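Please examine the sequence and the three-dimensional structure shown below before reading the report.

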Amino acid sequence: IQPGQTGLDATLGYGGHTSHMLACLKGEGHMYALDVDTIEMEKTRKRLADKGFGPDILTIKHLNFANIDQVAEEAGGFDFILADLGVSSMQIDNPERGFSYKKEGPLDLRLNPKMGKPASEILKELSKEELENILEENSDEPYADILAKNIYSFIRSGMEVETTGQLYKIIDKTLNFIEDKNRKDLVNKTAARVFQALRIEVNQEFEVLHEFVEKLPKILNPGGRVAILTFHSGEDRIVKKAFKEMKNSGIYDDVCRNVIRPSKEECHRNSRAKSTKMRWAIKAK
């Protein structure tokens, strides 16, 4: 990143990536940043402004990154773009958002709490087959069949699945046949996959990602670079396939041949980095 360039953080979150990219601009050029979460977006706006990154160098928009073409109309082309597809720590750590099985709260899982239906409502509308497919497609869940059957049965029998704790209890009961000494750990990993699968469904994350990678070449300047961080094999497959196809068609001059993973040291510092994969592409000049 060079001073004077124009960049985009497609997923603002806490603003950590944005602040590092802004520092590289050294007061010249401009950054745009997008987020669908109005609650956390305003907190991050203030946090970055307190660091000296005001509207003269940073424009923050309440916009889904599937609509990057809209911000490009204002900004023109971008020299660099970053998208971090992980849920931000602020969202995970807030029990009112329902992103984690570890904390009791409403089973919501919406990235934009003002749009769409919470996970608790969507679960009531799904058939057993639809739920099983979501668990398989969105999180490669090995127990998708029995989990879908039990969750569906609990809801149809009139039992409430309105909170994170209620869903966790169903998952725990479903896996009561496991007698392994590490049973608790296996249940927790299963719960993490179930919550991930539901979050992806609630927010239509795969559809949004497809739209994003299709629009990228249209808003990147010649020689412009994009880096995407994924946290799930389904996301990584979408990015890998799109980059490869566009490289073969001459749209990208170069793409990441091997996925980039965090080092052991980084994972030790930040346990949430463990499942991260990064891929990059450079638009042809």
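The report that follows describes a pocket, several strands and a helix, and a few individual residues of a predicted model.

## The second largest pocket

The second largest pocket of this predicted model holds about 280 Å³ of space. Its lining is made up of 14 residues, and those closest to the centre of the pocket are Ile1, His17, Met21, Leu82 and Ala227. By residue class, the lining divides into 10 nonpolar, 3 polar and 1 charged.

Several secondary-structure elements contribute to this lining. Helix 1 (16-25) supplies at least two of the lining residues, as do strand 4 (78-84), strand 5 (220-230) and strand 7 (277-283).

## Strand 4 and its partners

Strand 4, one of the elements that line the second largest pocket, is mostly covered, with 7 of its 7 residues buried. A residue counts as buried when its relative accessible area is under 20%.

Strand 4 pairs with strand 1 (residues 6-9) in the parallel sense, over 3 bridges. In this pairing, Leu8 has Ile81 of strand 4 as its bridge partner. Strand 4 also pairs with strand 5, again in the parallel sense, over 6 bridges. Here Phe80 stands opposite Arg225 of strand 5. As a general point, side chains in a regular strand alternate between the two faces of the sheet.

## Helix 7

Helix 7 (residues 144-156) contains 13 residues, which should span 18 Å at 1.5 Å a residue.

Which residues of helix 7 are buried? They are Ala144, Leu147, Ala148, Ile151, Phe154 and Ile155. These residues lie on the same side of helix 7, because they cover an arc of only 135 degrees around the axis.

## Two residues with positive phi

Leu109 belongs to the loop between helix 4 (89-92) and helix 5 (119-125). Its phi is positive, at about 75 degrees, although Leu109 is not a glycine. With a relative accessible area of 0%, Leu109 is buried.

Asp140 is located in the loop between helix 6 (128-139) and helix 7. Asp140 also has a positive phi, near 50 degrees, and is likewise a residue other than glycine. Is Asp140 buried, exposed or partly exposed? Its relative accessible area is 42%, so Asp140 is partly exposed; that class lies between the limits of 20% and 50%.

Ile200 is part of helix 9 (residues 183-202). Its relative accessibility is 2%, and Ile200 therefore counts as buried. Ile200 and Asp9 are 191 residues apart in sequence, and their C-alpha atoms are 20 Å apart in space.

Lys285 is found in the segment after strand 7. Lys285 has a relative accessible area of 89% and is therefore exposed. Between Lys285 and Arg183, which are 102 residues apart along the chain, the C-alpha atoms are separated by 54 Å.

How values were computed:
Residues numbered from 1 in each chain as written. Predicted model: local features only at pLDDT ≥ 70, side-chain atom pairs only at ≥ 80, totals over all residues. Heavy atoms only, no water. 1 Å grid on protein atoms, 1.4 Å probe; cavity = no way out; pocket = protein on both sides within 12 Å on 5 of 7 lines; lining within 4 Å. Points joined across faces, edges and corners; volume = space filled by probe spheres on them. Helix = DSSP H or I, 4+ residues; strand = E, 2+ residues; numbered from the N terminus. Nonpolar A, V, L, I, M, F, W, Y, C, P; charged D, E, K, R; others polar. Buried < 20%, exposed > 50% of the residue type's maximum accessible area, 1.4 Å probe, protein only. Pairing = 2+ DSSP bridges. Expected span 1.5 Å × (residues − 1). Arc of directions from axis to C-beta.
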